[in-house]
Amino acid sequence: MGWGVKREGRGLWTRNAVKGVSVRGERRKRDGRIEWRRWDPSKSKVAAALLRTKREPSEILPVPGSTCLYLGASSGGTVSHIHDVVCGADNHHGGQVVAVEISPRMTRDLVSLSQKRKGLVPVLGDARSPPEVAPFMRSKAQWMHQDLSIADQAVTFVRMTSAFLDKGGIAILSLKAASERYSDGDDNSRFAKAERILNDSRLVLMERIDLSGLEEQHVAFCCTLP
Ligand SMILES: C[S@@+](CC[C@H](N)C(=O)[O-])C[C@H]1O[C@@H](n2cnc3c(N)ncnc32)[C@H](O)[C@@H]1O
């Protein structure tokens with residue numbers, strides 16, 4: 001699928017940057033000198049989107065060595081796989097993954113993850129606020145993912161990509177219908193509203209990926225900035 005990620009049947013694996021260690025109890029397996037770590041698509045919307053996209057999956061993955069911004073990092077399950085790809089062991093690729101999370105308890109887990117994963121930058125802060133994130137970014141981001149369990153996600157996504165996405169970069173919005181406002185109607189009208197907001201912005205919507213079956217009531221909107 002790309003350097004550092006492989007697909008086997010319906011499973012995904014990343015090349016483990018910290019050999020011998022699992023992050024959420026996931027399986028690991030050896031293949032010569034390489035250790036692979038299972039990336040569970042039922043626990044990660046990025047993994048689900050990689051399995052469901054109609055494009056070449058590597059088109060929506062970050063490139064090793066790139067600068068990435070992850071909004072809504074939780075305890076770092078998905079972030080750790082992005083770090084495997086972008087940084088690798090001892091960050092030999094020279095990447096940066098800035099992971100923003102508002103919950104102090106989750107951020108504590110991110111901090112311990114970052115102690116073994118060079119290039120991972122945990123940020124305790126509000127992912128809706130560019131001034132809270134800006135001091136931690138070394139440059140614009142070539143890849144972004146937003147996964148916040150709050151309303152008005154598309155508006156936040158447009159604001160944060162305007163501030164941080166590099167030209168030609170990829171930004172993925174994982175949208176959970178249930179987190180959007182009740183007054184916006186049923187799931188389909190909530191997704192349609194988000195799509196309108198994206199289409200009215202400078203972003204180009206490359207693909208709307210339905211994650212049902214892996215993540216219920218979720219859609220991943222994959223965008224770029226021309
Ligand atoms: C669905 S979880 C993210 C799961 C994670 N992306 C993964 O795949 O492992 C949503 C996270 O967003 C965080 N969150 C909610 N509002 C936020 C905000 N305004 N700023 C930063 N994080 C926020 C929550 O604390 C929660 O950890």
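Visitor: Take strand β5: how many bridges join it to strand β8, and do the two run parallel or antiparallel?

Guide: Four bridges link β5 with β8 (residues 141-146), and the two strands run parallel. Bear in mind that this is a predicted model. Within that pairing, Leu69 sits opposite Met144 of β8. Now look at the other neighbour, strand β6 (residues 96-101): five bridges tie it to β5, and this pair runs parallel too. Leu69 turns up again here, with Val98 as its bridge partner in β6. To get from β5 to β6, the chain passes through helix α2 (residues 77-86), making a right-handed β-α-β crossover.

As for the side chains, in a regular strand they alternate between the two faces of the sheet. In β5, Thr67, Leu69 and Leu71 point one way, while Cys68 and Tyr70 point the other way, and all are buried. That makes five of the five residues in β5 (residues 67-71) buried, so the strand is largely enclosed by the rest of the structure.

Zoom out and you'll find an open sheet of seven strands with mixed pairing, in the order β7-β6-β5-β8-β9-β11-β10. At its edges stand β7 (120-124) and β10 (204-210); each has a single partner strand, so one side of each lacks a neighbour in the sheet. From one strand to the next, the twist averages 15°. Finally, helix α6 (residues 187-199) packs on the sheet, where it touches β9 (165-176), β10 and β11 (218-224), and its direction makes about 10° with that of β11.

Definitions and conventions:
Residues are numbered from 1 along each chain as its sequence is written. This is a predicted model: local features need pLDDT of at least 70, side-chain atom pairs count only at pLDDT 80 or more; totals for chains, interfaces and linings use all residues. A residue is buried if 20 or more other C-beta atoms lie within 10 Å of its own, exposed if 12 or fewer, and partly exposed in between; C-beta atoms are placed from the backbone. Two strands pair if DSSP finds at least two bridges between them. A crossover is right-handed if, with the strands pointing away from the viewer, the path from the first strand over the helix to the second runs clockwise. Axes are lines fitted to C-alpha atoms, for helices over the stretch in contact, and angles run from 0 to 180 degrees between N-to-C directions. Two residues are in contact if their C-beta atoms, placed from the backbone, lie within 7 Å.
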